[in-house]
Amino acid sequence: MSWGTELWDQFDNLEKHTQWGIDILEKYIKFVKERTEIEISYAKQLRNLSKKYQPKRNSKEEEEYKYTSCKAFISTLNEMNDYAGQHEVISENMTSQITVELTRYVQELKQERKSHFHDGRKAQQHIETCWKQLESSKRRFERDCKEADRAQQYFEKMDADINVTKADVEKARQQAQLRHQMAEDSKADYSSTLQKFNHEQHEHYYTHIPSIFQKIQEMDERRIVRIGESMKTYAEVDRQVIPIIGKCLDGIAKAAESIDQKNDSQLVIEAYKSGFEPPGDIEFEDYTQPMKRTISETSLSNSRGDSKTELKFAGKSKGKLWPFIKKNKGAGPEDFSNLPPEQRRKKLQQKVDELNKEIQKEMDQRDAITKMKDVYVKNPQMGDPGSLDHKLIEVGQNIEKLRLEVQKFEAWLTEVEGRLPVRGDQARRQSGMYEAQTATSVNNCAQDRESPDGSYTEEQGQENELKMMATDFDDEFDDEEPLPTIGTCKALYTFEGQNEGTISIAEGEILYVIEEDKGDGWTRIRRNEDEEGYVPTSYVEVYLDKNAKDS
């Protein structure tokens with residue numbers, strides 16, 4: 001069974017097969033490498049886990065580990081640390097005995113394969129050259145034979161013509177003889193070349209190619225043996241650590257067997273026993289004495305009057321009523337208002353963090369585009385700097401939109417945390433100050449309505465009173481006077497105001513400015529009596545009135 005005799009005409013397929021064999025070997029190397037990475041990662045996680053649950057020194061937690069169950073847990077953590085070390089040993093041995101060795105062997109195998117197929121191509125080129133020589137000699141012999149036949153026919157024609165001179169006949173005869181001689185020489189050359197080609201072809205297919213293919217076969221068989229040996233090593237590396245891993249597991253089992261529940265119970269007694277005797281029986285006390293009902297009734301009426309006064313005071317306070325009443329103004333669940341306060345705070349904080357990450361991504365993209373533009377400016381042959389302006393504008397718009405979203409969610413977040421009011425204009429900031437002043441009375445109201453088990457137990461009349469108060473509180477700002485115009489502005493870019501409090505503008509549009517930028521990057525504008533809102537300051541060019549600047 002030899003590739004040289006059985007596969008003498010499969011040079012290309014053998015080339016593909018041997019390359020496939022090298023690919024398989026490299027795939028196995030990659031598999032072992034990833035296994036070592038998994039072992040290292042697993043060992044690291046086990047060590048971190050063991051370290052995480054170790055008791056801190058000189059702490060109360062360390063004192064609690066006097067119980068046998070806790071001591072067993074400490075032993076388990078220590079054994080897991082040793083267990084992790086064995087996985088590190090697996091990774092190290094697989095790297096040194098398999099990955100490194102096979103990587104070096106693959107490089108040698110590639111060089112050997114390249115050399116063998118180079119010899120094969122060289123032999124193929126030689127036989128092809130001999131074939132071309134044979135074909136050339138054959139065509140020349142064929143051509144000379146045809147030329148000799150034509151010269152002979154021409155001579156016979158001239159010899160038969162009585163009008164042709166003797167000199168012309170002699171010349172035709174000599175030409176015919178010359179052509180016959182050339183044909184004979186071509187025939188001899190063709191015969192010699194044919195014999196030489198047959199010899200070279202026999203040597204090629206029965207000596208050179210079998211020898212080369214035999215070397216390729218031996219090379220591939222060595223590769224197969226090597227990958228088998230590596231698989232055995234792979235298993236042995238795992239098998240070598242099994243006894244030590246078994247000892248670790250035995251240590252955990254031994255620690256579990258050392259747990260003594262009676263001993264732990266005794267330790268609890270020693271830790272918390274007071275030494276006092278249990279109390280004796282309580283004697284009966286007789287209270288069959290006349291009771292002063294007048295005083296009791298007076299006290300009851302006074303307590304009722306006090307509660308009414310406190311309720312009335314709480315009803316008049318116009319603090320923040322959102323813990324008791326939620327007015328639905330069509331905002332939807334975007335502000336997570338359907339969740340409890342703490343869950344709502346977590347959701348809002350998570351949303352703010354996500355938006356900030358998106359802003360950072362956009363800013364990184366903007367920095368990259370800016371650097372690329374600088375490169376284009378310094379080296380115009382690399383690209384047109386102006387082609388990046390549109391991208392910069394688009395990224396800037398995305399950043400402004402995301403910042404607007406962040407401000408909206410931060411406002412809701414501060415509302416939940418009770419630090420800042422939700423509304424942003426001056427009049428509503430004043431209402432926020434009023435809310436802060438009356439927060440104490442609202443909290444008292446909330447406490448008065450809380451039952452012993454922590455749930456609210458307000459009556460229907462109080463609920464209706466609070467709803468009317470909330471309506472009056474919201475209506476305080478519905479009839480406020482519109483702000484005066486302090487200038488005009490021109491929209492430099494189109495802005496889609498999709499969030500609450502913003503307004504959409506088109507590029508080149510002229511609008512009125514009613515509140516300039518306070519340092520937060522937003523300018524308040526008005527289109528007409530019914531349309532006003534905030535837009536990014538960088539999107540407009542502001543022209544303030546002279547009187548507004550002086551003031």
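**Figure 1. Arg 226 over the ring of Tyr 105 in the predicted model**. Arg 226 lies over the face of Tyr 105. The distance to the ring centre is 4.7 Å. As in the views that follow, the coordinates belong to a predicted model.

**Figure 2. The aromatic pair of Tyr 28 and Phe 31**. The count for the structure comes to 12 aromatic pairs. In one of them, Tyr 28 and Phe 31 lie 5.9 Å apart, centre to centre, with 40 degrees between the planes. This pair is tilted, because an angle is classed as stacked under 30 degrees and as edge-to-face over 60. Both residues belong to helix 2 (residues 11-52), where they are three residues apart and so separated by about one helical turn. Tyr 28 is buried, at a relative accessible area of 9%, whereas Phe 31 is partly exposed, at 40%.

**Figure 3. The ring cluster that includes Trp 522**. Tyr 493, Phe 495, Trp 522 and Tyr 539 are linked into a cluster by ring pairs. Trp 522 is also a residue of strand 3, where it is buried on one side together with Arg 524 and Arg 526.

**Figure 4. Strand 3 and its burial**. Strand 3 spans residues 522-526, and five of its five residues are buried, so the strand is largely enclosed by the rest of the structure. Both of its faces are covered. One side carries Trp 522, Arg 524 and Arg 526, and the other carries Thr 523 and Ile 525.

**Figure 5. Strand 3 paired with strand 2 and strand 4**. Strand 2 (residues 510-515) pairs with strand 3 in the antiparallel sense over three bridges. Within strand 3, Ile 525 is the bridge partner of Val 513. The hairpin of strand 2 and strand 3 has six residues between the strands, and Gly 519 in this hairpin takes a positive phi near 105 degrees. Strand 4 (residues 532-536) also pairs with strand 3 in the antiparallel sense, over five bridges. Strand 3 and strand 4 form a hairpin as well, with five residues between them.

Figure 6. Trp 8 is placed in the loop between helix 1 (3-6) and helix 2. The relative accessible area of Trp 8 is 42%, which means that Trp 8 is partly exposed.

Terms used. Residues are numbered from 1 along each chain as its sequence is written. This is a predicted model: local features need pLDDT of at least 70, side-chain atom pairs count only at pLDDT 80 or more; totals for chains, interfaces and linings use all residues. Side-chain values use heavy atoms; hydrogens and water are left out. Rings of Phe, Tyr and Trp (its six-membered ring) pair if their centres lie within 6.5 Å; planes under 30 degrees apart count as stacked, over 60 as edge-to-face and the rest as tilted. Helices (H or I, at least four residues) and strands (E, at least two) are DSSP runs, numbered from the N terminus. Buried means under 20% relative accessible area, exposed over 50%, partly exposed in between (1.4 Å probe, protein chains only). A charge sits over a ring if NZ of Lys or CZ of Arg is within 6 Å of the ring centre and within 35 degrees of the ring normal. Two strands pair if DSSP finds at least two bridges between them.
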